[in-house]
Amino acid sequence: MESMLKTTTPSVSDIFNNMEYGPASESDKVAEKWLDEHDRKFGLFINNTWVHPEGRNLYATKNPSNGKTLASTTQGTAEDVDTAVRAAKEAHKSWSKLSGYERAKHLYSVARHVQKHSRLIAVVEALDNGKSIRETRDADIPVVIRHLYYYAGWAQMMEETLPGWESVGVIGAIVPWNFPLMLLTWKVAPALAMGNTVLLKPATYTRLSALLFAEICAEAGLPAGVFNVVTGGGAMGQLLAEHSLVDKVAFTGSTEIGKVLRMAIAGTGKKISLELGGKSPVVVYHNADLDSAVESVVDAIWFNQGQVCSAGSKLLVQEPVFDVFISKLKTRLSKFRIGNSMDKTVDMAAIVDESQRKSIAEYVEDARLEGADVFQTEAPPGCFYPPTLITGVNSASRVVMEEIFGPVLVALPFRTAKEAIALANNTLYGLGASVHSDQLTLALETAKHIQAGAVWINCHNQFDAAAGFGGFKQSGFGRDGGREGLFEYAKPAWVSCEVVAKPDVDFKKFGSSDDAAGPAITGINAAGANSPVDRTYKLYYGGAQKRPDGNYSRIIRSPAGAVLAQVGESNRKDVRNAVEAAKKAQPGWAKKTPFNRQQILYYIAENLEIRKAEFVTGLIEMTGVSLEAATKEVERSIERLFYWAGYADKYGGTVQETQLYGSVIKIHEPLGVIGIVCPDLNPLLSFISLLAPAIARSNTVVIVPSEQYPLVALGLYQIFETSDLPAGVVNILTGSRDHITKPLAEHQDVDGVWYFNSREGSVLLKYDFNSCLNRT
C-alpha cells in the first residue's frame with residue numbers, strides 16, 4: 001500500500017528558512033463572556049451601582065481591528081453628571097476622614113484585584129482600543145498595578161510626610177483614548193491616596209476598561225461613591241469641569257481641549273492640571289550605538305501606533321551617520337508585522353478610529369505635496385495605517401511642527417550639538433525627548449538643554465510610578481506620578497479652596513488703558529532754598545535705567561496728598577524690551593552655580609541692611625505706616641532674602657527609586673522668564689518675597705511693583721547694581737498694573753506669571769487664549 005505524506009503550509013523547513021512568525025491569537029472568550037453578562041449594554045457606575053437612566057442615547061463601542069460592535073454604552077447628560085458629583089461629594093465626607101493606613105489598605109486591595117483580573121483587563125483594553133494585546137499585557141497593565149501599589153504607600157505615609165496637608169475634594173478626571181486605563185490610574189491612584197473622591201469621564205472611543213475597573217474597585221471593597229464613572233460625548237468633559245461641586249480638574253488630552261477647560265473654570269478657584277500634546281524629539285549622535293538606537297526609535301514612535309503624547313515623532317540624526325541610520329530604520333520597518341490586536345506577534349495593530357486614520361493620512365499627503373520623501377510598508381485593509389518615515393522636509397514643515405498622533409516619523413539631519421538642541425526646542429510643546437550617545441557627558445548636557453518635562457537617555461517612553469511625568473509650554477502643567485504628583489490632589493489645610501461662580505469680565509476692555517497723569521499743582525512743596533530736587537524714577541531693565549517708551553509718567557503721593565515722586569508709565573513696548581532682556585539673561589543666570597546665586601542674594605540682603613534707615617523712611621512717607629511697622633517690614637525683607645538664599649543650593653533634585661534599570665534623576669529646572677505682578681500690601685516685603693525665590697532657582701523676572709507704592713522697589717535697583725546681580729536678571733516696570741499684565745501674559749517668551757491683584761485679572765490670565773497654558 002502506497003503511503004502519502006501530507007505537508008503543511010508553510011512547512012517546518014519554510015519557517016526555519018524564512019524565520020517568519022506564525023499566528024498566535026489571544027483568546028477573547030473571557031472578555032466576551034464579561035460583555036455578555038452585561039447584555040452588551042453598559043450604564044453609568046455611580047455609588048458602586050450600575051445606573052441605567054431612562055431616555056439616554058447609546059453609543060456603539062467598536063473593535064477598531066475589525067469594526068465589530070462590542071457593546072453599547074450610555075451617553076450621560078448634565079443630570080447624570082450632577083448625580084455622580086453629589087455622590088462623590090457625599091462620599092468625600094467619610095473617605096477624607098479615614099486614616100492614611102485605611103486608605104492604603106483600600107488601594108492595596110484594588111491593586112491585588114487588578115492583578116487577579118489582569119488578563120481580562122488586557123484583553124478588554126486591546127479589543128476596545130485596537131492596540132496589540134502584547135502592549136496591553138506587557139506595558140499598560142503592569143504600569144497600572146505599579147501605580148496602585150506606589151500610591152498605597154503614599155496614602156500610608158501622608159500623615160508623616162505631608163503634615164498640614166489635606167485632600168482637595170471632588171476630582172473631575174478626564175482621560176483620552178490612547179491609554180484608557182493607564183492614564184485613568186495615573187489620576188485616580190494619587191487622588192484617592194490623598195483622600196479625594198473621583199468622578200471619571202473616559203474617552204468616547206474607549207469606555208470599557210474604565211467601566212471594568214469600576215467593577216473591580218467595588219469588588220475590592222472601595223466604599224460607594226469614592227470612584228464613579230459617567231460616560232458621554234466630548235461636551236460632557238466641560239460639564240464636569242464646570243460643575244460647582246467639582247474642586248479640581250485633572251485632564252489628559254489634546255492641547256486644544258486643555259485650553260477650553262482652562263478657560264471654562266477661569267476665576268472659579270478650582271485647581272487644574274493639564275497633560276497635553278507633544279512633538280518629542282529623538283536626538284541620535286554619530287557616536288551612538290546605531291542598532292540599539294533603531295530599536296529605541298521603534299519604541300519611541302511606533303509603540304501604540306504612534307498614538308502617544310510623548311511619541312518621539314521628530315528624529316534628529318547627526319549628519320555623518322544620517323544616511324546609514326535611515327537605511328537601518330527602513331530595513332527594520334520592512335520586517336514590521338501589522339495586524340489584529342489579539343495577535344500576540346504583531347508589532348502594530350489598528351488605529352483607534354477611522355477619523356483618526358484619515359487625519360494621519362492627510363498629514364502624510366501634505367508632506368508628499370511639499371516634495372518630501374515618504375517611506376511606508378504595507379498595511380492590511382481597514383482601520384490600519386503603515387509605519388511611515390518622512391525625510392527631505394524643512395524644519396518649518398507642518399509635519400515637523402504639529403502633533404500627528406500616529407505612526408509617522410519625520411527625520412532631519414544636524415551638524416553640531418548646538419544645532420540639535422535648537423532643532424529639538426523649535427516647537428510649541430515640551431513633553432518628552434530622548435538623546436542617544438555612547439558619550440554620557442554629551443548625552444546629559446544635551447538632555448539638560450532640551451526643554452521637555454522628561455528626557456530619556458538611550459531609550460524612550462519608559463514610565464514608572466515613582467518618576468513624575470508632565471510637560472510645559474503647550475504640553476501643559478502639573479505632574480502625574482512621583483511624590484510631586486501628590487500635590488496635584490492635596491492642599492495646605494489653611495488654604496481655602498472654595499469654588500465660586502465665574503465672574504463676568506470684559507476681556508477686551510481689561511487693562512486697555514493706563515493711568516498716566518498730567519502736571520500736578522496740588523501737594524507740591526513751596527519753592528525755596530530747601531526745595532527738594534525733582535525725583536523721577538525710570539524703568540529698570542537690562543541692567544540699566546530706561547525712559548518709558550510712551551514718555552508718560554504717573555505721580556506718587558503720600559497718604560496726605562503730598563507729591564513724593566513720579567514714575568514711568570510702561571506700555572507694550574516696554575514689556576517687550578524687558579522680556580527680551582530677561583530672555584537673554586536667563587541662560588547665563590541658569591549656568592551660575594547655586595553657590596554663586598546664593599552669594600548674590602546674601603549680598604543684596606547685606607546692602608539692604610546698610611540702607612535700612614533709608615527704606616524705613618521711604619515706607620513711612622509713602623504708606624503712612626508707623627516707624628515700628630516700617631522697621632519690621634524692612635527687617636523681614638532682609639530675613640526673607642536670607643531664607644531664599646539658603647534654598648539656592650538645596651533644591652536641585654533627587655534620584656528616584658523606580659523599577660527601571662539605570663538611574664532616574666529628577667532635576668528641578670528653572671521655569672525660565674517669570675512675570676511677577678505684586679500686591680499693594682507690604683510693598684517692600686511682597687516685592688522681595690516674590691522676587692527672591694524666583695531668582696534663587698535660576699529664573700529671570702519682569703516684575704511690576706505695587707502700583708500705589710512703587711518707590712521702595714525702585715530704590716532697590718541701585719542695590720542690585722552694587723550686588724553683582726547680572727544685567728537682565730531683574731527687570732522692573734512701573735505703571736498701571738493691569739495695563740502691563742495683559743501684554744506680559746500674552747508674550748510667548750514669558751514662561752509663567754505670578755499675579756497678585758484683582759480677581760478679574762486672575763480670570764484674564766487663565767482665560768486668555770495665548771497665555772492660558774502659562775503657569776499663572
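A salt bridge is counted here where a side-chain nitrogen of Lys or Arg lies within 4 Å of a carboxyl oxygen of Asp or Glu. By that criterion, a search of the whole structure finds 35 salt bridges. The model is predicted: local features need pLDDT of at least 70, side-chain atom pairs count only at pLDDT 80 or more, and totals for chains, interfaces and linings use all residues. Residues are numbered from 1 along each chain as its sequence is written, and side-chain values use heavy atoms, with hydrogens and water left out.

Arg-86 pairs with Asp-82, the closest N and O atoms being 3.1 Å apart. Both residues belong to helix H3 (residues 78-95), and because they are 4 residues apart they are separated by about one helical turn. Helices (H or I, at least four residues) and strands (E, at least two) are DSSP runs, numbered from the N terminus. Arg-86 is partly exposed at 48% relative accessible area, and Asp-82 is partly exposed at 26%; buried means under 20%, exposed over 50%, and partly exposed in between, with a 1.4 Å probe and protein chains only.

A second salt bridge joins Glu-166 to Lys-491, with the closest N and O atoms 2.5 Å apart. Glu-166 lies in strand E6 (residues 165-167) and Lys-491 in strand E20 (residues 490-492), so the pair ties together parts that are 325 residues apart in sequence. Glu-166 is partly exposed at 31% relative accessibility, whereas Lys-491 is buried at 9%.

Arg-415 forms a salt bridge with Glu-319, the closest N and O atoms being 3.8 Å apart. Arg-415 sits in the loop between E16 and helix H15 (417-424), and Glu-319 in helix H12, 96 residues apart.

Strand E16 belongs to an open sheet of 7 strands with mixed pairing, in the order E14-E15-E16-E13-E12-E17-E18. Strands E14 (373-376) and E18 (454-457) stand at the edges, each with a single partner strand, so one side of each is left without a neighbour in the sheet. Two strands pair if DSSP finds at least two bridges between them. E15 (residues 388-391) and E16 (residues 408-414) pair in the parallel sense over 3 bridges, and Thr-388 stands opposite Val-408 in E16. Helix H12 (residues 319-333) packs on the sheet, touching E12, E13, E14, E15 and E16. Contact means heavy atoms within 4.5 Å.

Another open sheet has 3 strands in the order E21-E25-E24, again with mixed pairing. Strand E24 is joined to strand E25 (residues 563-568) by 5 bridges, and the two run antiparallel. Within this pair, Ile-556 has Ala-565 in E25 as its bridge partner. Of the 5 residues of E24, 4 are buried, so the strand is largely enclosed by the rest of the structure. The hairpin of E24 and E25 has 5 residues between the strands, and Gly-561 there takes a positive phi near 100°.

Finally, Glu-125 lies in helix H5 (residues 118-129). This residue is buried yet has no salt bridge; the nearest side chain of opposite charge, Lys-131, is 5.2 Å away. Beyond its neighbours within four places in sequence, Glu-125 is in contact with residues including Thr-136 and Phe-179. Thr-136, in helix H6 (residues 133-161), is buried with a relative accessible area of 0%.

Methods:
Lys and Arg count as positive and Asp and Glu as negative; His and the chain ends are not counted. Axes are lines fitted to C-alpha atoms, for helices over the stretch in contact, and angles run from 0 to 180 degrees between N-to-C directions.
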